[in-house]
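The following report works through one protein chain and its ligand, moving from the overall make-up to individual residues. Please keep the sequence and the model at hand while reading.

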Amino acid sequence: MVSWSFTTSRVVVVLLGLLSLFQPVTSIRLGLVRLPSSDLPLFREAPAFRNGEECGSTDADRINVAMTLDANYLRGTMAAVLSMLQHSTCPENLAFYFLSAHDAPELFSSIKSTFPYLNMTIYHFNSDRVRGKISKSIRQALDQPLNYARIYLADTIPENVKRVIYLDSDLVVVDDIAKLWGVDMEGKIVAAPEYCHANFTLYFTKDFWSDPTLAKTFDGRKPCYFNTDNSITHVERASLCRSFPTSARPEQHIPCTPAE
Ligand SMILES: *[C@@H]1O[C@H](CO)[C@@H](O)[C@H](O)[C@H]1NC(C)=O
Ligand SMILES: *[C@@H]1O[C@H](CO)[C@@H](O)[C@H](O)[C@H]1NC(C)=O
C-alpha cells in the first residue's frame, strides 16, 4: 500500500490515503491545517518517476518543456506535469522551464514540494514586454500578459537550450512527450498543431461581421489556425527574430523565416 504525505515549510499535511493525487484544500476536511496566508491549493507529493533502462543521460537526451506558472492555473500545471512524467519512458530526462509573471516564492515551493525530483527552473517574464500590445479579446483569459510569454521564450530561457516544447497549463498529456519532441521541424522555427474545425463566429465582434469587406475574409477559405497551446520552438533560431509578431501581420513574419 502506498501512502502519501507532504510537507512544506508552512504547511503540514497528513495522510490522505488514496484520494486522487490532486486535492483542492476546500475539499479536504481531514487532518489538514493550513495557514491563511496563502490561497494556493495544496497538492500531495508525487512519487519519483525513474528512467527506463533504454534512456540515455546526455544533454542530447534531454526534453525541454516550457509552461507558464500562475496561481490561477496551478492545478492545471500540476496535472500537466504529472501526466507528462507518468507517460514518459524517460521522465528523468524532462527539464521544465516555468515562466512566471510575478516573483512568487510560494508557487515555487508548491511545485517543488509536489515534485521534489523535478528538474525545473522558474524564469521571470516581464509583463511590460506586452503592455499595450494586447487587444481586448472575447476570452478574458487571453488578455493576461503571461499568455503571451510563449512568444518571448527565446529571450527568456537560457541560450544553451536550443529547443523547447511549450505547453499550456490546461492540458493533460496522454502519451510519451518524446513523440512530440521527435517531430521533424523541417527547418522551421515553430511547429504547432493545425486546427481546422474552428467556428469563428464568436471570435470576432458583431461590428466585424456587419462590415461587408471584413465579413468576406473567410469566404471560400478553410478557417484553420495554429493552436499554440502546444508548440515546439527552436529557440536558437527564434531568437533571431526577437520581435516575433504578437499582432499577426504577415510582413512581420518575414525576419522569422529561417534562411535555409
Ligand atoms: C536539468 O536540466 C538541465 C538542462 O536544462 C541540465 O543542464 C541539468 O544537468 C539537469 N539536471 C539534472 C539533475 O538532470
Ligand atoms: C458557429 O457558431 C454560431 C454561434 O454560436 C452558430 O450560430 C453557427 O451555426 C455555428 N456554425 C457552424 C458551422 O457550426
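Helices (H or I, at least four residues) and strands (E, at least two) are here DSSP runs, numbered from the N terminus.

## Basis and overall make-up

This is a predicted model, in which local features need pLDDT of at least 70 and side-chain atom pairs count only at pLDDT 80 or more, while totals for chains, interfaces and linings use all residues. Residues are numbered from 1 along each chain as its sequence is written, and chains are lettered from A and ligands numbered from 1 in the order in which they are written.

The chain has eight helices and 13 strands. Of its 260 residues, 22% are buried, a residue being buried if 20 or more other C-beta atoms lie within 10 Å of its own, exposed if 12 or fewer, and partly exposed in between, with C-beta atoms placed from the backbone. Two residues are in contact if their C-beta atoms, placed from the backbone, lie within 7 Å; among contacts between residues at least 6 apart in sequence, 75% join residues at least 24 apart.

## The open sheet

Six strands form an open sheet in the order β8-β7-β6-β9-β13-β10, with mixed pairing, where two strands pair if DSSP finds at least two bridges between them. Its edge strands, each pairing on one side only, are β8 (119–124) and β10.

Within this sheet, β6 and β7 run parallel and are joined by six bridges, with M67 standing opposite F98 in β7. Because six of the six residues of β6 are buried, this strand is largely enclosed by the rest of the structure. Both of its faces are covered, with I63, V65 and M67 buried on one side and N64, A66 and T68 buried on the other.

Strand β13 (residues 230–234) pairs with β10 in the antiparallel sense over two bridges, and T233 in β13 is the bridge partner of V190. S231 is also found in β13, and this residue is buried because 20 other C-beta atoms lie within 10 Å. Leaving aside neighbours within four places in sequence, S231 is in contact with Y166, V190, A191 and A192. From C-alpha to C-alpha, S231 and V190 are 6.8 Å apart in space, although 41 residues apart in sequence.

The loop between α4 (177–181) and β10 (190–191) holds E186, a residue other than glycine whose phi is positive, near 50°. E186 is exposed, with 7 other C-beta atoms within 10 Å.

A nonpolar core is a set of buried Ala, Val, Leu, Ile, Met, Phe, Trp, Tyr and Cys residues joined through C-beta atoms within 7 Å. The largest such core has 37 residues, of which V65, A66, M67, V81, M84, L153 and V164 touch the most other members. Elements giving two or more residues to this core include β6 (63–68), α1 (74–87), β7 (94–100) and β9 (163–167), and α1 gives the most, with seven residues.

α1 has 14 residues and reaches 20 Å from its first C-alpha to its last, close to the 20 Å expected at 1.5 Å a residue, the expected span being 1.5 Å times one less than the number of residues. Its buried residues are L74, T77, M78, A80, V81, L82, M84 and L85. In general, an α-helix has 3.6 residues a turn, so residues three or four places apart point the same way.
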